[in-house]
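Hi,

Here is the structure I promised to pass on to you. Have a look at it first, then read my notes below.

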Amino acid sequence: MSCHEPAPGVAVAAGTPTIALVGNPNAGKSTLFNALTGARQTVMNAPGTTVELQTGAWRRSGERIAVVDLPGTYSLVPRSPDEQVAADFVAGRGDLGRPHLAVVVLDASALARSLYLLAQVRETGTPVVAAVTMLDVASTRAVEPDLDALADAAGVPVVALDPRSGAGMEALGVAVERQLEAHVCRCEGCTGSCACANHLDVPVSRDDEERFAWTERVLNAAVPSPPAVPVRSTSDRIDRVLLHPVLGVPVFLAIMWAVFELTTVVAAPLVGGIAGFFNGPLASWLHGVIPGPAWIAGLLVDGVLSGVGTVLSFVPLLALIFVAIGILEDSGYLARAAFVADRALRAIGLDGRAMVPLVIGFGCNVPAMAATRTMPDARRRLLTGLLVPLTSCPARLTVYVLVAGTFFPRYAGTVVFGLYVVSGLLVVLGGYLLRSTAFRDLRQTRALVLALPAYHVPRLKPLLISTWTRVLAFVRGAGGIIAGTLVVVWLLSAVPVTGGHQVADVPVHDSLYGRVADGIAPVLAPAGLDDWRIASALTTGFVAKEVVVGSLAQSFSIDAGDTAATAPTGALGDKLRATLDESSGGHATAAALAFLIFVLAYTPCLATVAEQRRVFGGRWAAGAVAVQLSVAWLLAVAVFQVGRLLT
């Protein structure tokens with residue numbers, strides 16, 4: 001047993017030493033975490049919060065050490081939920097328990113700022129090892145700290161470290177083992193207040209003046225002669241272009257365009273290929289070899305296999321996006337992008353760091369939801385995650401093209417462009433309303449203050465480890481929900497509610513699913529959409545917007561293979577026009593606009609909901625779905641009611 005009980009929220013086995021990685025943002029802490037734990041990582045939220053933590057296992061001398069990567073912070077006096085979690089964990093407060101050891105990452109290029117945090121960590125009484133990173137960056141600025149003098153002055157073990165190359169990792173391991181041996185009690189029956197443990201003899205101070213005085217003494221000992229004139233580094237010269245008030249914006253837009261292209265051009269064939277394989281050759285082969293009644297093959301192939309295929313089809317998309325974000329983050333540009341985009345987002349209570357997930361949302365909402373992790377503040381991360389579903393992803397585009405081509409053939413391009421403009425307006429208006437209500441605490445009066453890290457060439461191994469961890473977290477967390485829901489949808493569509501049909505061999509309208517659509521249709525009557533086929537398409541669109549057009553074709557008994565070629569002017573377009581004309585009382589054009597607005601505003605897909613639940617929790621995900629459906633209905637009704645008066 002150890003003197004400290006293991007942290008219950010971090011899922012650490014009893015008797016396993018736990019170390020916390022503490023440091024300023026961009027000091028190399030997460031890179032160190034990846035280097036220590038490799039692929040042995042899990043992602044979790046701190047209990048009762050949306051603050052994301054990563055935990056992993058570090059193997060030393062055949063023993064397992066649990067490692068917790070805490071949110072980056074400049075101080076243990078918390079000003080945000082992220083900083084609160086870090087402060088509580090280091091001090092042993094709250095549900096997370098207390099670590100046996102804190103590894104404080106010190107940025108050699110900004111040593112004074114890091115030493116202030118080290119002073120606060122020492123005051124908690126938690127044993128400490130200091131790992132000094134960014135020594136190469138400090139050297140380019142003519143700053144070369146004396147690490148032996150730093151260790152003597154600070155009173156803690158100090159090691160030089162480059163987690164990107166692996167230099168110093170063995171020295172860190174030795175220092176950690178020695179500190180654990182000295183400060184972790186393994187006495188029989190120890191329950192957390194062990195008299196035989198060697199605790200740190202640290203004078204505890206709560207006075208900021210004393211902390212600053214201590215920081216200055218240690219800094220003067222470690223860096224006795226700082227350069228009289230600051231040295232202009234390579235990063236400074238690059239920033240003259242990337243942060244230029246005129247050139248910075250075009251460069252930022254070009255980089256965001258490249259990220260967007262990853263989701264819409266590069267990943268699309270991979271996503272389509274995986275989905276096509278599962279729903280095409282593999283599904284056909286399994287239908288022919290699975291014995292027993294047809295409904296068994298239908299359940300296994302069209303239900304379970306389709307769900308698995310849908311989940312796996314997101315893997316290449318997510319992997320590419322996470323690689324892109326990792327490159328931007330590790331290179332140091334992501335902080336610059338936040339600085340460039342900050343002014344445009346401050347009006348809705350966000351800062352520039354929200355721009356990346358919002359831009360990615362126009363490519364796909366699922367990786368955009370996961371990309372909110374790049375924001376250091378949990379409240380702004382949550383607000384951004386609630387706004388992401390309002391960005392119009394390419395899956396909605398297939399519906400836009402069908403409806404706009406059918407009802408507005410001469411102005412189809414203008415209508416589609418207008419929908420993207422509406423999407424942007426909804427993000428702005430939604431952010432403003434949320435900031436004025438549930439997020440009033442995010443009202444900003446000061447500009448964003450960021451410590452810009454030096455530029456680096458991203459290392460391949462840590463980048464791949466981080467990408468693998470994030471993708472695996474999605475498959476584990478969201479995959480089961482997506483696959484399970486698709487099985488439920490298949491079961492509803494396979495069960496007949498009228499005579500003369502067998503299970504899994506029933507027209508859509510005569511299935512339980514069709515009857516559910518019949519029940520939903522009257523709710524859409526104020527929007528001119530009171531028809532079971534429209535209700536069915538919107539219901540399946542909740543699972544994935546890509547299937548809306550296919551659902552319409554199936555409901556109208558049209559060969560889905562001909563849909564793409566004939567939708568705007570052929571059978572599907574004609575039947576859709578006739579249906580909306582009947583459901584709207586002769587105002588088909590207004591109903592078509594209402595349909596487009598509903599598709600734009602309501603829940604993008606089940607995968608997004610699952611990812612939202614994984615990142616922010618079930619309560620926020622359920623509330624977001626309810627609000628999205630309500631807003632979509634209100635907007636669709638308003639558009640139709642105004643439109644029918646004008647047509």
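Let's begin with handedness: a crossing is left-handed if the near helix is turned anticlockwise from the far one by less than a right angle, and right-handed if clockwise. Helices here (H or I, at least four residues) and strands (E, at least two) are DSSP runs, numbered from the N terminus.

Some housekeeping before the findings. This is a predicted model, where local features need pLDDT of at least 70 and side-chain atom pairs count only at pLDDT 80 or more, while totals for chains, interfaces and linings use all residues. Residues are numbered from 1 along each chain as its sequence is written, and side-chain values use heavy atoms, with hydrogens and water left out.

**The whole chain**

The protein chain has 27 helices and 7 strands. Of its 647 residues, 52% count as buried (buried means under 20% relative accessible area, exposed over 50%, partly exposed in between, with a 1.4 Å probe and protein chains only). The chain exposes about 27,500 Å², and carbon and sulfur atoms supply 62% of that; accessible areas come from the Shrake-Rupley method with a 1.4 Å probe, and for residues only the protein chains shown count as cover. Contact means heavy atoms within 4.5 Å. Among contacts between residues at least 6 apart in sequence, 72% join residues at least 24 apart.

**Helices that cross**

Two packed helices are described by the angle between their axes and the distance between the axes. Axes are lines fitted to C-alpha atoms, for helices over the stretch in contact, and angles run from 0 to 180 degrees between N-to-C directions. Angles under 35 degrees count as roughly parallel, over 145 as roughly antiparallel, 65 to 115 as roughly perpendicular and the rest as oblique.

Start with helix α3 (residues 111-123) and α7, which pack at an angle of about 125° with their axes 9 Å apart. That is why α3 and α7 are called oblique to each other. Their crossing is right-handed. On the α3 side, the residues that meet α7 include Leu115, Tyr116 and Arg122, and their partners in α7 include Phe212, Trp214 and Leu219. Sorted by type, the residues of the α3 contact with α7 divide into 11 nonpolar, 2 polar and 4 charged. For that sorting, Ala, Val, Leu, Ile, Met, Phe, Trp, Tyr, Cys and Pro count as nonpolar, Asp, Glu, Lys and Arg as charged, and the others, Gly among them, as polar.

Helix α7 (residues 208-222) also packs with helix α5 (residues 147-154), at an angle of about 155° and with the axes 8 Å apart. So α5 and α7 are roughly antiparallel to each other. The crossing of α5 and α7 is right-handed. Ala149, Leu150, Ala153 and Ala154 of α5 make this contact with Trp214, Val218, Ala221 and Ala222 of α7. What kinds of residue make up the contact of α5 with α7? There are 8 nonpolar, no polar and no charged.

Further along, the axes of helix α15 (residues 378-387) and helix α17 (residues 412-436) come within 10 Å and cross at roughly 140°. That makes α15 oblique to α17. α15 passes α17 in a right-handed crossing. Here Leu383, Leu386 and Leu387 in α15 meet Val427, Gly430, Gly431 and Leu434 in α17.

**An enclosed helix**

Why is helix α26 (residues 606-616) largely enclosed by the rest of the structure? Because 10 of its 11 residues are buried. Among them are Leu606, Glu611, Arg614 and Phe616. Just after α26, Gly617 takes a positive phi of about 105°.

Most residues other than glycine have a negative phi, and most peptide bonds are trans. Met134, though, has a positive phi near 60°. You'll find Met134 in the loop between β6 (128-133) and α4 (135-140), and at 15% relative accessibility it counts as buried.

Val503 is in the loop between α19 (479-494) and α20 (512-520), and at 41% relative accessibility it counts as partly exposed. Leaving aside neighbours within four places in sequence, Val503 is in contact with Trp295, Ala494 and Pro496.

Leu472 lies in helix α18 (residues 460-477) and is partly exposed, with a relative accessible area of 22%.

Cheers
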